[in-house]
Amino acid sequence: MSELDNTPRTYSGALLAAIAVALLAGLGGLIWSYSLSGRLSTQQADLADAKQENVKLAAELRETNARLKVATEELGSSLG
């Protein structure tokens, strides 16, 4: 029994492989998260640009509707 107590314990290949897979999965997850973060910031900038364009288009639409209303009232008054 003393021979078993004195022998050093060795890690099995399966345990080392599991640790390696876990480390690679963690590293892959970090890289994937960084990639998604970059895409997210790009899309947020695009969304801000789209919102500014929507505000501009809404203002132009209000101006066009006002001109159309004036032209319609003038046409209505000229016809009778």
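Helices (H or I, at least four residues) and strands (E, at least two) are DSSP runs, numbered from the N terminus. Thr 42 is found in such a run, helix H2. The model is predicted: local features need pLDDT of at least 70, side-chain atom pairs count only at pLDDT 80 or more, and totals for chains, interfaces and linings use all residues. Residues are numbered from 1 along each chain as its sequence is written, and side-chain values use heavy atoms, with hydrogens and water left out.

The chain has two helices and zero strands. Of its 80 residues, 0% are buried; buried means under 20% relative accessible area, exposed means over 50%, and partly exposed lies in between (1.4 Å probe, protein chains only). The chain exposes about 7500 Å², and carbon and sulfur atoms supply 64% of this area. Accessible areas come from the Shrake-Rupley method with a 1.4 Å probe; for residues, only the protein chains shown count as cover.

| Residue | Relative accessible area | Class |
|---|---|---|
| Leu 15 | 41% | partly exposed |
| Thr 42 | 46% | partly exposed |
| Glu 63 | 47% | partly exposed |
| Arg 67 | 53% | exposed |

Leu 15 is in helix H2, which covers residues 13-79. Together with Leu 16, Ile 19 and Leu 23, Leu 15 forms a nonpolar surface patch with about 390 Å² of accessible area. Patches are made of residues with over 30% relative accessible area and no salt bridge; like charges are joined within 9 Å, and nonpolar side chains (Val, Leu, Ile, Met, Phe, Trp, Tyr) within 5 Å.

A salt bridge is a side-chain nitrogen of Lys or Arg within 4 Å of a carboxyl oxygen of Asp or Glu. The count is one salt bridge. The side chains of Arg 67 and Glu 63 meet in a salt bridge at 3.4 Å, N to O. Arg 67 and Glu 63 are separated by about one helical turn because they are four residues apart in helix H2.

For Thr 42, a polar atom of the side chain lies 3.0 Å from the backbone oxygen of Gly 38.

Methods. A polar contact is a pair of N or O atoms within 3.5 Å; within protein, one must be able to donate a hydrogen and the other to accept it, and residues adjacent in sequence count only if both atoms are side-chain atoms.
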